Amino acid sequence: MKDSIREKLEILAESAKYDVSCASSGTTRKHQKGQIGSAHGWGICHSFTEDGRCVSLLKVMLTNYCIYDCAYCINRRSNDLRRATFTVAELVELTIEFYRRNYIEGLFLSSGVIRNPDYTMERLVRVARQLREVERFNGYLHLKSIPGASRELVAEAGRYADRLSINLEIAKEENLKRLAPEKNHASIFQPMSYISQGFLESAEERRHLKHAPRFAPAGQSTQMIVGASDETDREILSLSSSLYARPSMKRVYYSGYIPVNEYDRRLPATQPPLAREHRLYQADWLMRFYGFRTHEIADELHPNLELEIDPKLSWALRHPECFPVDVNRADYELILRVPGIGVKSAQLIVTARRYRSLTASMLHKMGVVMKRAQYFLRCLELPMVGINELNPLVVRQRLTARPKRQHTPGQLTLLFPNE
């Protein structure tokens with residue numbers, strides 16, 4: 001690798017690391033004769049796929065020069081840092097060489113905005129087009145859409161990319177204008193709508209023509225920064241819920257604010273607790289797979305998620321009237337709301353109870369976390385001492401108490417207070 005390319009890669013890979021919206025896509029792109037690479041069976045991401053496999057991709061920026069001066073961004077115009085720009089040819093060559101050496105399985109490409117949104121988006125599309133049509137690259141390709149880019153360029157990007165994404169960054173319009181004066185929600189939501197329209201049109205075409213080209217088959221994603229402004233968790237989750245109503249939106253990512261620039265009075269001096277980002281992901285999971293609505297997770301009285309306990313347990317402790325749940329009779333939706341029971345365990349419960357009444361030991365074998373669930377459910381062999389007999393405060397104390405270690409000769413046991 002040439003020294004100039006190596007230096008650019010070092011700079012632009014470092015600049016890209018704060019964008020977290022590149023995880024498992026679920027797309028399938030089978031190997032085809034005359035092409036190199038594939039994304040068959042697992043998708044490509046920067047962490048772990050659903051089946052537990054870790055895959056790799058080249059996560060890099062086309063350039064970290066930017067005309068915008070967003071207070072929260074390391075690549076903002078006024079920041080003093082090393083700058084670099086790949087040419088289209090350099091980035092295509094780098095991707096192919098890395099793939100041939102088995103370093104990567106795909107490309108995640110973003111960019112700062114140079115000159116104007118369309119100029120930048122056109123360069124990103126040129127990279128994708130050359131990879132697909134000239135190099136015959138058939139691996140995973142994730143492109144960032146540029147706020148304010150035209151419909152034509154977004155449509156062309158969707159023909160080459162497996163997934164498109166555009167970062168919303170700040171949930172409230174007034175805070176976005178304060179922290180990023182050159183941006184507004186309209187310039188972000190417009191390309192999002194272009195992606196949704198292309199996704200729907202492609203699906204309709206494929207109903208009539210089996211081999212019609214697919215438009216961004218892995219859909220789109222977005223990212224919000226948490227803690228850079230004063231949005232509550234309720235406001236963030238409400239916006240996420242509305243975004244998930246779009247047919248092509250697959251994931252909303254939450255990135256805890258990290259002070260990467262010199263002190264700016266518009267931003268908090270310290271970063272928010274990491275637990276807040278984690279709780280938002282848990283709440284997002286509840287909305288997507290457990291049937292919870294935003295107002296159930298965070299309401300006007302509780303606009304922010306508790307950091308000490310997860311949002312599902314928090315909801316259960318606030319609604320003792322919904323328990324205990326009889327796992328041998330209750331609906332699937334209600335079983336899902338029991339702390340300690342996941343989607344797979346709930347499905348197993350509904351299937352297994354057709355043949356016999358379930359016991360506590362059987363639930364444990366199905367993967368139910370009985371330490372939590374015992375206070376919220378009813379089944380055979382389980383003592384009738386639940387949340388209503390103990391009251392929510394006692395249950396909370398039991399579940400949040402740190403274990404005390406007591407060492408006995410040849411054995412280490414964990415003792416939990418009040419149990």
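Begin by selecting helices H2 and H3, where H2 passes H3 in a right-handed crossing, meaning that the near helix is turned clockwise from the far one by less than a right angle. Helices here are DSSP runs of H or I with at least four residues, strands are runs of E with at least two, and both are numbered from the N terminus. This is a predicted model, in which local features need pLDDT of at least 70 and side-chain atom pairs count only at pLDDT 80 or more, while totals for chains, interfaces and linings use all residues. Residues are numbered from 1 along each chain as its sequence is written, and side-chain values use heavy atoms, with hydrogens and water left out.

Next, show the side chains between the two helices: Val88, Leu91, Val92, Thr95 and Ile96 of H2 make the contact with Arg123, Arg126, Val127, Gln130 and Leu131 of H3, contact being heavy atoms within 4.5 Å.

Then move to Arg115, in the loop between strand S2 (106–110) and helix H3 (117–134), where phi is near 65°, a positive value in a residue other than glycine. Arg115 is exposed, at a relative accessible area of 64%, where exposed means over 50%, buried under 20% and partly exposed in between, with a 1.4 Å probe and protein chains only.

Select Asn391 after that, in the loop between helix H15 (387–390) and helix H16 (392–400); its phi is near 75°, again positive in a residue other than glycine, and Asn391 is partly exposed at 36% relative accessibility.

Finish at Pro324, in the loop between helix H10 (311–318) and strand S7 (325–326), where the peptide bond from Phe323 to Pro324 is cis, with omega near 5°.
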